[in-house]
Amino acid sequence: MVMKHGANEGTRSRHTVRNVIVTVVVVLFVLVATGGILGYHWYKQLYAQAMQVKALEKEAVSLMQRGDSASNEDYLAKIEANLPKAQQNTAQARQIVHGADWNRAAKLPKVGGDIIAVQTLADVADTLISDVVPQFGQVVSSLESASLTTEDGNLNLQPISDASQQMSSVNSTLQQQVAVLDSVKEPVIAKVRTQYDDAVAKIRALAEQLNGISALMVTLPSFAGASGARTYAILAQTTSEARSTGGLVGSMGSLTMNNGVISVNDFYADAQWPTNSGLSDVTDSQATLFRQISAGLVYGSVVHNMTTNPNFPDVAQQANDFWKAASFGGNGTDCDGVLSLDPYALQQLIGASGDITMPDGRVLNGTNTAQFLLHDVYNELPVSEQDTYFAAVATQVVKNVFTDMNVSKLMKLSDVLLDAAKGNHVYMWSFHTEDQQALRDAGLTGEIGTDPSKPEVGVYMQQMHASKLDWYTSRTATLTQSNETTYHVHYTFANTLTSVDGQAAYIVGTDKDSEGVGQSVERVYLYAPAGGHISNVSVSSGSAVNSVNVDGHDVSTFQATIGPGESVSMDFDVQCASGAQKLTLRQTPSSNGESNIDYQY
């Protein structure tokens, strides 16, 4: 019924469900604290019932805690044994909050809406434990009994295709519960509203997590060529030289999947690809921002600057343009999609799929890969070997990921991909429209937000000094809420380089661009959320701020020079659409996987 082996996602999901339960109980207590409005008798009744709910939920939580389990396998076996009792408890708690006293209170003015909101939260929490999690476990259990690897070590897609259909049904139930929450009016009482918002955020986080896992499973068969061979261009991004969606594209290769059989093809350095091949897809507003204001980028003309655009589907379209134009690429034909894996994503995948040994004997693992590919390689290897080395790493990683597959490995890889996608370290776009929603649900598409109800402000960086100084760039962001729809953002980026001595020019740059060695020159793009705008932008360096509209998105941009040991900060306000969810921030990925975003609300 529930996953028994290698289920990191299952473990995390149950922790999230536990947190939701605890938050629901807190909301109940806050609500009964307002009992004077309801009358002394009702107050006593609600208080007694809340005490009972607390006991039921506390036991349910204890049944789902790890305890002294020595491994995930033991823990998940314990979960499977205890889940029926936990389900019994949450069902009883749900029954209590729908009792006569609660239902009567739900009809009262002022507090009635808050009662209904709490009841809904209890309903959803019970549904998660009693319905969604068990169904999810059943799908994974069905995969455990099947072989996911063919005799020659390739991916066996049939069991995954069968499971993907079941997972779609599970996800449908999950999304129905999210829709129920979205339809409920937010509580009026401040303390109730605070706890309610926190609980809803946890439920949405769980929904996104399970939705992402199901999306990966749904899209994997078509991605792996179940219905015919697929060829994907692969971008090798170097995030130590920042671009909006990651980093400079040092090389581009391709991957072919045909009914689970994987072929990783050659990579070619950026200078080998035909120039100007992407210009036909550069819009007028993109040209204004990425060619005129950001002088020197020649966006659309060269492969290495494709990732200047923070909207990855646009990056993918340019990648296809270059792919199609090259005789050693598509040679007149389109690719099926585009993948991008930066060194941090490669490091995480190596950690999940096993160490790799390079031809020179170097062993890359889950802790040293990013450091080597984003910094050390420029000091240790000749320029002529650097792109080749990166391509060799990507080739081995992709092969390791898709061979000798089992459920444990599948769950571990899904965990890595979803986490990497949240930090914008991995992207995938398919030119097959039937794939796009599943990829979007998994958070892999790297699209700029277009839904005013889910506001997202973007902070994207472009290194203008030819160097790898973004390895030394440290960024922190703090978001505070001014009122229901307005937020303030304080953002700092620092150059942590202490000395240029002994560093290759590829890392610290030269002074040929009128910038000193070791000086980071950052072009910053601030993208307003859909349905909102940015105002009051101030930069500590005194940089002039330009405002433009790019393909329907309001963008503010400036450029700042940061010397070794120096930092630059910026402040700005964000106005979101009325009734929108809490503001989130999307940014250019860091080299080390850290986001350093502090949401103080």
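## What covers H11?

Which elements cover the buried residues of helix H11? Strand E1 (230–243), helix H10 (343–353), strand E7 (363–364), helix H12 and helix H15 (505–508) are among them. Please keep in mind that this is a predicted model.

Helix H11 spans residues 369–380. Of its 12 residues, 9 are buried, so H11 is largely enclosed by the rest of the structure. The buried residues are Thr369, Ala370, Phe372, Leu373, Leu374, His375, Asp376, Val377 and Tyr378. H11 also falls short of a straight helix: its end C-alpha atoms are only 14 Å apart, whereas a straight helix would reach 16 Å at 1.5 Å a residue.

## The protein as a whole

Stepping back, the protein has 601 residues, and 56% of them count as buried. Its secondary structure comprises 15 helices and 18 strands. Among contacts between residues at least 6 apart in sequence, 72% join residues at least 24 apart.

The largest nonpolar core holds 84 residues, and the members that touch the most others are Met217, Phe223, Leu255, Val393 and Phe402. Helix H7 provides the largest share of this core, with 11 residues. A second, separate core has 25 residues, including Val459, Met461, Ile562 and Met570.

Leaving aside residues up to four places away in sequence, Phe223 touches Arg230, Tyr232, Leu255, Met257, Leu339, Phe402 and Met428. Two of these partners, Leu255 and Phe402, are also listed with Phe223 among the core members that touch the most others.

## Enclosed space

Rolling a probe the size of a water molecule over the atoms shows where empty space is left. In this model, the count comes to 2 cavities of 30 Å³ or more.

H7 gives the largest share, 6 residues. By class, the lining of the largest cavity has 23 nonpolar residues, 3 polar and no charged.

The second largest cavity has a volume of about 30 Å³. Its lining consists of Ile448, Gly449, Glu456, Val457, Gly458, Tyr460 and Tyr527. Strand E9 (residues 456–463) contributes the largest share, 4 residues. These lining residues divide into 4 nonpolar, 2 polar and 1 charged.

What is the volume of the second largest pocket? The value is about 460 Å³. The pocket is lined by 22 residues, with Glu241, Leu248, Tyr378, Lys468 and Tyr506 nearest its centre. Here H11 returns to the story: E1, strand E2 (246–258), H11, H12 and H15 are the elements that give two or more residues to the lining. Tyr378, one of the residues nearest the pocket's centre, is also one of the buried residues of H11.

H12 gives the most to the lining of this pocket, with 4 residues. By class, the pocket lining has 10 nonpolar, 7 polar and 5 charged residues.

Conventions:
Residues are numbered from 1 along each chain as its sequence is written. This is a predicted model: local features need pLDDT of at least 70, side-chain atom pairs count only at pLDDT 80 or more; totals for chains, interfaces and linings use all residues. Side-chain values use heavy atoms; hydrogens and water are left out. On a 1 Å grid over the protein atoms alone, a cavity is a set of points where a 1.4 Å probe fits but cannot get out, and a pocket is an open set with protein on both sides within 12 Å along at least five of seven lines; lining residues have an atom within 4 Å of a point. Grid points are joined across faces, edges and corners, and a volume is the space filled by probe spheres set on the points. Ala, Val, Leu, Ile, Met, Phe, Trp, Tyr, Cys and Pro count as nonpolar, Asp, Glu, Lys and Arg as charged, and the others, Gly among them, as polar. The expected span of a helix is 1.5 Å times one less than its number of residues. Buried means under 20% relative accessible area, exposed over 50%, partly exposed in between (1.4 Å probe, protein chains only). Contact means heavy atoms within 4.5 Å. A nonpolar core is a set of buried Ala, Val, Leu, Ile, Met, Phe, Trp, Tyr and Cys residues joined through side-chain atoms within 4.5 Å.
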